[in-house]
Amino acid sequence: MIKSKHLLGIKDLTSEEIYHILDTASGFRDVLHRDIKKVPPLRGKTVVSLFFEPSTRTKTSFALAAKRLSADFVNFSVSTSSVLKGETIKDTALTIQALGADFVVIRHPSAGVPHFLSNILDMSVINAGDGANEHPTQALLDLFTIQSRKKDIKDLTVAIIGDIAHSRVAKSNIYALTKLGARVRLICPPTLMPAEIERLGVEVFHSIDDGIKKADVIMTLRLQLERQSKGFLPSLEEYFKLYGLTSERLKLAKSSAIVMHPGPMNRGVEIESAVADGPQSVILEQVTNGLAVRMAVLYLLAGVRK
Amino acid sequence: MSIEILDSKDINRAIRRMAHEIIEKNKGMSNLCLVGIQKGGVILAERLASQIESIEGGNIQVGKLDITLYRDDLNTKEEQPVVKRTEIPCSIDDKTVILVDDVLFTGRSIRAAMDALIDFGRPAYIQLAVLIDRGHRELPIRADYAGKNIPTSFNDLVQVNLEKENNKDKVVLISEQ
């Protein structure tokens, strides 16, 4: 059912493939609740992570997912490696392949690097974030979390608030949610909204109060502080005042609405602490679900043979 | 060519006999837990359980076990098999667990099932109940309770239909010529 052995982006997946990954993930969620949280299907396989940007949660999540499937996991440390000595990414990747890896999980600041590698490698390439392009496993775990809380994703109203322009999480979620028939609203300051984004089938709001009205799901995005030196925003305080998700604003959404955040959070910038820790927050559930989803992805890609 | 080898009545008789054998061998049902192997064993386990309950009275625990992740042929299949639910409702430590499957063939599913089960605890005994034993074992495994032994050739197909409503039950042997 899964056609490609690479997971490069949600854009390339059909809705059937997305549902197949989510169904498989629910089988793996059961495994995570057992005493013995390890199953044998990927015995003898090797997963290597290659991260050109800092990450703890995604890398740890992939490492645990691989280990719980009985695969070996090795981190190829970019900051202490030959990359610093000027090796090209192509040579680094070919080296990892020559060492006998079956999967490479890659994060890179430039969009398209995973696609480039998938054309020259025999092993499976999994995109763990490429520039402002995509972060497919994050969108899959978000879908899985929504599905487990709301049953049917179709026709839900999902509001995504934050720095849309720099967010690969937003991009992957827009592809994923629209493919499954949800109504997607994007809320952010005009300076952070990509031009013509409506063409992806979303609604654009510049006022958070209008955007979250009657929403079923609210996704707050991390304001990427490291990318805010270019004058997109007057100040973080003003951003919180205009776009921060507060308990007061949350009342505008449906009372059953869930609040999500991909982490790491900037409390008091994009989300108020009371909301992040409140009863509607499913933020920690997302983290647990991420493991099940990544196990499902590794398991399914291992079965695609060419 | 396809032949119906068991009809609904035959199947009921077989299940009833197996239920009696299970009770006799284990001297009652107090320490028993039935675990059906997905998918074919799950309905059979439920049917066996309600038969045992109607003979002995009381309740018997029934679970379901998915063996997909423990199969020995994952590296050779065209596509990854679908992962189904596993639900073990009680602790299996020191229990007598009866694994239930519809057809016993090479024995490889049972090997996988025992590995999967042992990840949940340490049963005192594991016993095996199957509706059809069709031979061709590739591993040293045998059934403790069998509904019917049927000689088959290796490439035949044995199809077990256990509908929720009894009257559509049947076992069909499909052979190539």
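## Helix packing and a chain contact

In H5(A), Thr137(A), Leu140(A), Leu141(A), Asp142(A), Phe144(A) and Thr145(A) come up against Glu285(A), Gln286(A), Asn289(A), Gly290(A), Val293(A), Arg294(A) and Val297(A) of H11(A). Sorted by class, this contact of H5(A) with H11(A) has five nonpolar, five polar and three charged residues. Do keep in mind that this is a predicted model.

The two helices, H5 (residues 136-150) and H11 (residues 283-302) of chain A, pack at an angle of about 115°, and their axes are 8 Å apart. The crossing of H5(A) past H11(A) is right-handed.

Let us turn to helix H3 of chain A, which spans residues 89-98 and has Thr92(A), Ala93(A) and Ile96(A) as its buried residues. These three lie on the same side of H3(A) because they cover an arc of only 95° around the axis. On the face turned away from that buried side, H3(A) carries the exposed residues Lys90(A), Asp91(A) and Ala98(A).

What do the buried residues of H3(A) pack against? Their partners in chain A are listed here:

| Element of chain A | Residues |
|---|---|
| strand S1 | 46-51 |
| strand S2 | 72-76 |
| strand S3 | 103-108 |
| helix H4 | 113-118 |

After H3(A) comes Gly100(A), with a positive phi near 100°.

Finally, a look at the two chains together. Chain B has 13 residues in contact with 14 residues of chain A. On the side of chain B that touches chain A, there are five nonpolar, two polar and six charged residues.

Methods:
Residues are numbered from 1 along each chain as its sequence is written. Chains are lettered from A and ligands numbered from 1 in the order in which they are written. This is a predicted model: local features need pLDDT of at least 70, side-chain atom pairs count only at pLDDT 80 or more; totals for chains, interfaces and linings use all residues. Axes are lines fitted to C-alpha atoms, for helices over the stretch in contact, and angles run from 0 to 180 degrees between N-to-C directions. Helices (H or I, at least four residues) and strands (E, at least two) are DSSP runs, numbered from the N terminus. A crossing is left-handed if the near helix is turned anticlockwise from the far one by less than a right angle, and right-handed if clockwise. Two residues are in contact if their C-beta atoms, placed from the backbone, lie within 7 Å. Ala, Val, Leu, Ile, Met, Phe, Trp, Tyr, Cys and Pro count as nonpolar, Asp, Glu, Lys and Arg as charged, and the others, Gly among them, as polar. A residue is buried if 20 or more other C-beta atoms lie within 10 Å of its own, exposed if 12 or fewer, and partly exposed in between; C-beta atoms are placed from the backbone. The arc is that of the directions from the helix axis to the C-beta atoms.
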